[in-house]
Amino acid sequence: MKGIGVSPGISIGKAFIIKKNEAALTGILLENEAAVLLEIEKFDTAVKISVEEIETIKTQLAGSDEGGLEMLDVQVEFLTDPQIRVDTVKKIREDKRNVQDALIEVIRDTVQLFKNLDDEYLSARSADVQDIGDRILKNLNSSMGSDMQPFEPDTIIIADDMTPSDTLTMDIKNVAGFATQAGGRTAHAAIIAKSRGIPAVVGCGMDLKMVQQDDIIILDGSNGLVIINPGPETVEEYKIKRQEFLKNSELLKKLKNVPAITIDGKQIKLTANISGGDDMDDVFNYGGEGVGLFRTELLYMGRKSFPTEEEQFEFYKKAALKSKHKPVIVRTLDIGGDKQLSYFGLPAEQNPFLGYRAIRISLDRKDLFVTQLKAILRASVFGDLKIMFPMISNVQEIREAKEVLAVAKNELLDRNTEFNKKIEIGIMIEIPSAAITADMLAREVDFFSIGTNDLCQYTLAVDRMNEKIKDLYDPFHPAVLRLIRNTIEQAHKNNIHVGLCGEMASDPLATLLLIGMGLEEFSMSAVSIPFIKNIITSSSVSMAKETCRKVMEMENSQDIRVFLKEENNKMFKV
């Protein structure tokens with residue numbers, strides 16, 4: 001099942017399901033003033049005990065977890081917030097509610113108030129309110145306590161949600177990871193998991209309830225995946241991935257601030273693929289130099305209507321503000337094919353990958369296109385944003401897209417709205433016709449980005465998601481390599497920069513070959529950057545050119561792969 005990967009890493013272990021004992025409304029009303037005073041006293045005592053508990057936890061964490069200490073300080077503020085006491089006492093006095101019922105209602109209303117806030121960070125603080133409410137209720141009613149037993153090694157925690165208290169006080173020495181039904185990237189639990197190096201996936205939804213106690217779980221915190229009771233082959237596959245991740249982590253420590261320069265002095269730019277501003281932290285944590293592909297589809301998914309210009313502006317602005325003035329290439333909407341929107345009503349097609357998708361939709365629905373372009377342009381004053389059009393097949397499409405961009409610019413000028421008037425425009429090279437006519441297309445734009453995933457499947461007529469023919473999907477096929485090389489050469493001849501943002505960018509077998517072709521920018525998942533950087537800093541351009549020369553003379557991908565593997569084993573210890 002798919003969730004949100006908030007703390008990278010891969011874990012394999014047994015599920016341990018945490019179920020909370022939630023306090024329920026009793027409906028009992030108070031009969032006299034004496035009972036009212038007693039309930040108020042119970043509340044004040046429970047709050048005092050709760051504050052003391054948190055201060056004890058802070059003492060235990062002193063010097064070891066600054067982030068955790070800050071979160072606990074927030075909880076003390078909530079606990080001592082006079083408004084919570086005022087609201088609770090009012091319900092006790094005026095409505096004659098017992099303290100448990102009064103507090104449950106106050107916490108419920110306050111949690112909802114925070115959840116309704118537009119600001120993602122503030123909305124996530126609803127978990128703090130719920131956490132302190134649960135703590136007070138526990139101290140009101142000792143039967144609510146949950147004595148957590150010691151965990152066995154390689155335990156994967158499965159829960160509806162993880163409160164800050166859960167993650168801060170839990171004995172984690174045997175905890176390999178956790179997955180939750182609720183939660184988001186800015187939740188305290190997610191932040192703590194990442195700081196402690198525990199792989200975590202949150203926001204899995206109701207599907208997580210399928211997990212049973214002691215089920216075998218694979219948790220992929222890098223890609224937000226939870227796999228239940230996998231087969232032996234899948235387990236072995238993820239054991240290998242786990243070793244690669246651990247190896248990457250060690251490289252990260254050494255290479256984070258090391259520039260990607262070959263041993264003969266050639267600078268190679270390593271950037272990352274992202275889906276939102278929250279991913280920017282990983283870009284820089286893994287030593288990235290910006291964003292080579294900002295997928296904008298995430299904002300359009302999981303909702304009931306198209307996002308407004310303002311919503312899109314805030315979405316792109318967030319990434320721009322977190323970009324540290326490094327370049328961020330924003331790809332315009334790429335829906336259709338395997339990316340459907342329930343509210344858009346795209347027609348059923350026999351061949352959706354060859355049909356109504358990406359730039360074809362944008363040029364047909366110029367109202368949607370102009371809205372997106374205006375939002376990107378407005379955000380461009382907050383960082384070095386660039387605009388990239390996907391699935392371009394000919395010169396006419398570029399010119400029409402630029403005409404729509406001019407409309408968007410004029411509308412902003414009429415509104416006296418600022419934007420970067422010299423914003424760079426580029427295109428994805430992912431259709432064979434584009435790669436073949438790259439010399440013509442290069443005269444129309446400022447940069448190319450080669451999308452090898454689609455380029456490969458279109459060139460070879462292979463649906464890479466089709467199990468029966470997936471082995472025919474091969475980016476090392478000589479035809480694909482020739483298209484990539486031609487694109488790079490034509491970009492250089494026309495003095496525009498060119499990057500590559502498909503899966504091939506993170507394939508260590510391809511690194512030396514691509515440098516030999518003249519590629520100077522790779523964009524990949526952030527976690528792959530250290531591994532590719534290690535190859536680059538161990539190589540020379542002359543070595544890469546010789547590798548490329550030999551590969552381009554070969555007739556089949558099997559020979560190419562064997563040769564490249566031998567070269568890597570011979571020249572690098574990766």
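Good morning. I begin with strand 10 (residues 328-331), which is covered on both of its faces: V328 and V330 on one side, and I329 and R331 on the other, are all buried. Buried means under 20% relative accessible area, exposed over 50%, and partly exposed in between, with a 1.4 Å probe and protein chains only. In a regular strand, side chains alternate between the two faces of the sheet. Strands (E, at least two residues) and helices (H or I, at least four) are DSSP runs, numbered from the N terminus.

The model is predicted: local features need pLDDT of at least 70, side-chain atom pairs count only at pLDDT 80 or more, and totals for chains, interfaces and linings use all residues. Residues are numbered from 1 along each chain as its sequence is written, and side-chain values use heavy atoms, leaving out hydrogens and water.

The predictor's confidence in each residue, pLDDT, runs from 0 to 100. The protein chain averages 87, and 89% of the residues score at least 70.

What does strand 10 pair with? Strand 9 (residues 291-295) pairs with strand 10 in the parallel sense over three bridges, and V291 stands opposite V328. Strand 11 (residues 385-389) also runs parallel to strand 10, joined by four bridges; there, I387 is the bridge partner of V330. Two strands pair if DSSP finds at least two bridges between them.

With a relative accessible area of 13%, E521 is buried. E521 and T271 are 250 residues apart in sequence, yet 7.4 Å apart in space, C-alpha to C-alpha.

I turn to the helices. The axes of helix 18 (residues 478-493) and helix 19 (residues 508-517) come within 9 Å and cross at roughly 40°. That makes helix 18 oblique to helix 19. Angles under 35 degrees count as roughly parallel, over 145 as roughly antiparallel, 65 to 115 as roughly perpendicular, and the rest as oblique. Axes are lines fitted to C-alpha atoms, for helices over the stretch in contact, and angles run from 0 to 180 degrees between N-to-C directions. L481, I484, R485 and I488 in helix 18 meet L513, L514 and M517 in helix 19.

Lastly, N98 lies in the loop between helix 3 (82-94) and helix 4 (99-115). N98 counts as buried because its relative accessibility is 9%. Thank you.

Note on methods
Contact = heavy atoms within 4.5 Å.
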